[in-house]
Amino acid sequence: MVKNMLPDTAILIVAAGVGERLGGGIPKQYRPLGRIPVIRRTIQAMLAAKAGPLWVVIHPDHRALYEQAGGDLPVAGVIEGGATRQESVRNGLRALAGNPPRHILIHDAARPFISAALVARLLGELAQGAAGIIPALPVTETLKRVERNQVNTTIPRETTVAAQTPQAFDYALLSAAHTAYAGQGLSDDAALMENAGHTVRWIAGERENIKLTTAEDWAMAEKIAAGGEVRTGFGYDVHRLIPSSGGMIRLGGVDIPHTHRLEGHSDADVLLHALVDAMLGALGEGDIGQHFPPSEARWKGVDSAVFVAEACRLMAIKQAQLLHADLTIICEAPKIGPHREAMRARVAHLLGAEENRINIKATTTEGLGFAGRREGIAAQAVVTLRAYYS
Ligand code: MG
C-alpha cells in the first residue's frame with residue numbers, strides 16, 4: 001500500500017452562494033425542489049456518478065442549513081467558501097492540497113440534474129490527458145449584441161457555446177491558475193485556465209443539466225423533478241399464532257390485546273415486514289431477510305419500526321418518494337376495524353408520509369387455510385414510489 005496515495009479524481013461542489021431571489025427566504029441551493037433540497041439532489045447525483053471523493057464548499061453562515069439538507073450524506077468533507085465563486089473554488093482547491101488528486105471536477109450546486117453519463121464522458125476525456133474539459137451546449141437561438149432595448153449586431157453562433165458544469169481539470173494546473181489569477185471574479189474555472197494559456201476543450205453538455213437561476217428555471221426544474229421513474233414493489237409475510245393468555249400482538253406498529261401472540265425473531269409485526277419487503281422490492285434492494293438476517297442476534301425482539309427506518313434510508317439514498325402503500329391483513333381474529341386508523345397513523349408516521357398515501361385493509365379467508373384455522377396471520381403490501389437514481 002502506498003501511503004497518501006493520490007486519489008485520481010476529487011469533486012468540489014460549489015454551494016457558497018447567498019442568492020435568495022428564487023424565494024422561500026433561503027439561498028436557492030437549500031430550497032426544496034419536489035420536497036428534496038436542491039443541494040441534496042446535486043450531491044446525490046454526483047455520488048451516484050461514482051467519480052471519486054466529494055467535498056462541498058458552503059458559506060460559513062450556512063452550516064445549519066447544510067446539516068439539515070445533506071448532513072447525513074457520505075461526503076468527504078465540508079469546506080468554507082469565500083466572498084466570490086472564484087474565491088470559494090480556490091478555498092476548495094487549497095483544502096485538498098495536502099493530499100492532492102490528479103484531476104478535479106468542479107460543479108455548481110444549482111445544477112441538480114447532472115447525469116452519471118455526462119460525468120463519465122468528462123472522466124474519459126481526462127483519462128486521455130486533457131488539461132481542461134467542459135460540457136457546453138451549442139447555441140441554437142440567434143445571438144444579438146444589444147444596448148438597452150436596441151439590437152446592434154448579430155453574433156455568429158457557429159463560434160459560440162454555452163458553458164455548463166461540471167468542469168474537469170488537471171488539479172495542479174487549475175490550482176496554479178487560481179493562485180495566478182486570484183481576485184478577478186471570473187464566473188467559471190475554464191476562464192482561469194484560458195487566461196493561463198492552457199487548452200480547454202468542450203464536449204456536448206446536456207439540456208437537462210440546467211442551472212437554477214430564474215423563476216422560469218425553477219418551474220422547468222419542478223417539471224424535470226416530477227419525472228423520474230414510478231416503481232411498484234410487492235411484499236408478503238406470514239407469522240404463526242401461539243396461544244398466550246393475556247397476549248399481545250403487534251400489527252402495523254400498534255399493540256393489540258389478543259388470545260394469542262405472534263411468533264418471530266423480531267417483534268413479529270407481520271404487516272410491517274410485508275411493507276418493508278414491498279419497499280425493498282420497489283427499490284430493487286432484495287428482501288428483508290438479506291438486510292436483517294434472522295440468524296443475527298441483534299434483531300432478536302427488535303421493534304420492526306427499525307426495519308422500516310432502514311428501508312426509508314435506502315429510499316432517501318435513491319431519492320425515492322413514497323407515492324402510496326396499500327396494506328392488507330389476512331386473519332380471522334383479532335378484529336382489525338377498531339385499530340385501522342391507529343395503524344394508518346403509525347405507518348404514515350414511520351414512513352414520513354401523509355396519511356392519505358397509506359391504506360390499511362383486512363380480510364378473512366372464510367375459515368379456509370392456515371389463516372382460517374387461526375394458525376397464523378398473513379399480510380400483503382403494495383408500495384408505489386417515484387425514484388430518480390437507481
Ligand atoms: Mg416476518
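Predicted model: local features only at pLDDT ≥ 70, side-chain atom pairs only at ≥ 80, totals over all residues.

Biologist: What is the phi of R148?

Modeller: As a general idea, most residues other than glycine have a negative phi. R148 has a positive phi of about 50°, although it is not a glycine. R374 is another such residue, with a positive phi of about 65°. It lies in the loop between α12 (369–372) and β17.

Biologist: Is R374 buried, exposed or partly exposed?

Modeller: A residue counts as exposed over 50% relative accessible area and as buried under 20%. R374 has a value of 47%, and is therefore partly exposed.

Biologist: Where does H103 lie, and is it buried or exposed?

Modeller: H103 lies in strand β6 (residues 103–108). Its relative accessible area is 6%, so H103 is buried. Leaving aside neighbours within four places in sequence, H103 is in contact with D8, T9, A10, L126, F169, D170 and Y171.

Biologist: How should I read the peptide bonds?

Modeller: Most peptide bonds are trans. In this model, the bond from T165 to P166 is cis, with omega near 5°. P166 is found in the loop between β10 (161–163) and β11 (167–170). A cis peptide bond also joins A333 and P334, where omega is about 0°. The place of P334 is in the loop between β15 and α11.

Biologist: Which residues are the protein donors of the magnesium ion?

Modeller: The protein donors here are D237 through OD, H239 through NE2 and H273 through ND1, and they lie 2.1 to 2.3 Å from the magnesium ion. Their spacing in sequence is D-x1-H-x33-H. Both D237 and H239 are buried.

Biologist: How is a nonpolar core to be read, and which residues of the largest one touch the most other members?

Modeller: One may look at its members, then at the elements that supply them. The largest nonpolar core has 50 residues, of which L251, L275, I329, M343, L351, I358 and I377 touch the most other members. Among the elements that each supply at least two residues of this core are β13 (229–251), β14 (254–262), α8 (270–283) and α11 (340–351). The element α8 gives the most to this core, with eleven residues.

Biologist: What does L251 touch?

Modeller: Not counting residues up to four places away in sequence, L251 touches I256, L262, D269, V270, L271, I329, I336, M343 and I377.

Biologist: What is the volume of the largest pocket, and how many residues line it?

Modeller: A pocket can be described by its volume, its lining and the classes of residue in that lining. The largest pocket has a volume of about 540 Å³. It is lined by 23 residues, of which R35, I36, R40, A316 and A320 lie nearest its centre. By class, the lining has 15 nonpolar, five polar and three charged residues.

Biologist: Which elements each supply at least two residues of that lining?

Modeller: They are β3 (36–37), α1 (38–48), α2 (63–70), α10 (305–317) and β15 (321–330).

Definitions and conventions
Residues numbered from 1 in each chain as written. Heavy atoms only, no water. 1 Å grid on protein atoms, 1.4 Å probe; cavity = no way out; pocket = protein on both sides within 12 Å on 5 of 7 lines; lining within 4 Å. Points joined across faces, edges and corners; volume = space filled by probe spheres on them. Helix = DSSP H or I, 4+ residues; strand = E, 2+ residues; numbered from the N terminus. Nonpolar A, V, L, I, M, F, W, Y, C, P; charged D, E, K, R; others polar. Donors = N, O, S within 2.8 Å, 3.2 Å for Na, K, Ca; no water. Buried < 20%, exposed > 50% of the residue type's maximum accessible area, 1.4 Å probe, protein only. Core = buried A, V, L, I, M, F, W, Y, C linked by side-chain atoms within 4.5 Å. Contact = heavy atoms within 4.5 Å.
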